[in-house]
Amino acid sequence: MKRQLLFFFSFVVVALGCHAQYRINAKDVEGLDGGMMYLEHSGRRADSAVVSKGCFTIVGSKQLDAPTYVFMHHSSGKWRCAFWMGNDTIDFTTVNDLPVIKGSKSNDEYQEYLALMESIWDEGRKLMAESRNDFTKFDSIQNIIDNTLKPKEDSLFMIFAKAHPASQITLNKIYNMRGMDKASFKEYKKFLDVLTPGAFKGKQWNTMCEWYEKDLALEPGHPMPAFSMNDLYGKTIDIATMKGKYVLLTLSNFGLKDYDSDLLLRKSLYEKYQACGLEMVDYSLSGDLVNVIKAPANFGLRWHFVTDFKGFDCPWFKEHAIDHVTQNFLIDKNGTIIGRDLFGEDLEREINKLFN
């Protein structure tokens, strides 16, 4: 009896271990006989098979942690394609050299997503082409893209996200918002909130969770993490010693439009309120000490400028997932963040409110 039970459980373990791996069954693939078909994902060549009589079968050497975007290409270099798949059994063929994929739920969802977005993306491509033909229109066209097309795209994506809250395609879009587009916490959180709890795993999801926790910790209402660094003359500037004052910490660099455009405004606010308890600390990403010293002198800026000359490799940036600038944090007298990424009129209004 024990032997029978041992055999049964061994069979179950083997069966479960094999079940989750992907399998691609291909037929009627023309003109590629004799060569190898390679499958790549996660930046590496994963599996392969010989093409014979227009057919090949690729069986995953190990299961995928989550659905992923894969590349399949022929050893001759004459043919390649890309698609989404999970641990599926996929039927694959070509029609007029174009891939026809059946059995991949994530790829079906991806095609639905592409169809939904195509009109918005096409409009954006036309506008960008127009700006390239007439560079004087660049700013006005960028304004249309940011304030008209982007909200439309977000609205369409929200429709997709609500229809597919457990889809890797939905997660991938949110991941790209944060990682590539550098969307703010507020911008990407509204989509993240739609996702089905417990539906995701794998590296992409783990990274998304890490970003979320670090971004949340820098949102208004949270204590400002410790920030201490040497200024341009070697003196340590520690925000913790500024309790009892309001502090504006800015992470950026001279020469960036959204940074430079606020310098005169900030100079005016600092001169007006510094004696009343306003401090400003700017971290410069520049690796050139001479330029970092010259810039404040040229603008007549009197607040604190700090740098470790490491730019985005700054340990504080790494610890708190700071991967784009310009960013700023308005901190109250108790060391709590009360404002985030305030510029222009918004910055002026919020600082005036603190002292009036």
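## A strand with neighbours on both sides

Let's start with strand β11, which pairs with strand β14 (residues 327–331) in the antiparallel sense, over 5 bridges. Two strands count as paired here if DSSP finds at least two bridges between them, and the strands (E, at least two residues) and helices (H or I, at least four) are DSSP runs numbered from the N terminus. Within that pairing, L251 sits opposite Q327 of β14. β11 is also joined to strand β12 (residues 278–284), this time in parallel, through 7 bridges. There, L249 has V281 as its bridge partner.

Keep in mind that this is a predicted model, in which local features need pLDDT of at least 70 and side-chain atom pairs count only at pLDDT 80 or more, while totals for chains, interfaces and linings use all residues. Residues are numbered from 1 along each chain as its sequence is written, and side-chain values use heavy atoms, with hydrogens and water left out.

## How hidden is β11?

How many of the 7 residues of β11 (residues 246–252) are buried? The count is 7 of the 7, so the strand is largely enclosed by the rest of the structure. Buried means under 20% relative accessible area, exposed is over 50%, and partly exposed is in between (1.4 Å probe, protein chains only).

In a regular strand, side chains alternate between the two faces of the sheet. In β11, Y246, L248, T250 and S252 are buried on one side, and V247, L249 and L251 are buried on the other.

## The β5 neighbourhood

Strand β5 (68–74) has 5 of its 7 residues buried, so it too is largely enclosed by the rest of the structure. On one hand, β5 runs antiparallel to β2, joined by 4 bridges, with Y38 opposite H73. On the other, β5 pairs with strand β6 (residues 80–85), again antiparallel, over 6 bridges, and Y69 has W84 as its partner.

β5 and β6 make a hairpin with 5 residues between them, and G77 in the turn has a positive phi of about 80 degrees.

## Two pockets

On a 1 Å grid over the protein atoms alone, a pocket is an open set of points with protein on both sides within 12 Å along at least five of seven lines, while a cavity is a set where a 1.4 Å probe fits but cannot get out; lining residues have an atom within 4 Å of a point. Points are joined across faces, edges and corners, and a volume is the space filled by probe spheres set on them.

The largest pocket comes out at about 770 Å³. Its lining has 25 residues, with K150, E153, D154, K173 and D181 nearest the centre. Helix α3 gives the largest share of that lining, 8 residues. The second largest pocket holds about 620 Å³, and H41, S42, T68, K203 and Q204 are closest to its centre. Among the elements that supply at least two residues each to this second lining are β2, β5 and α6.

β11 and α7 (257–260) each supply at least two of the lining residues.
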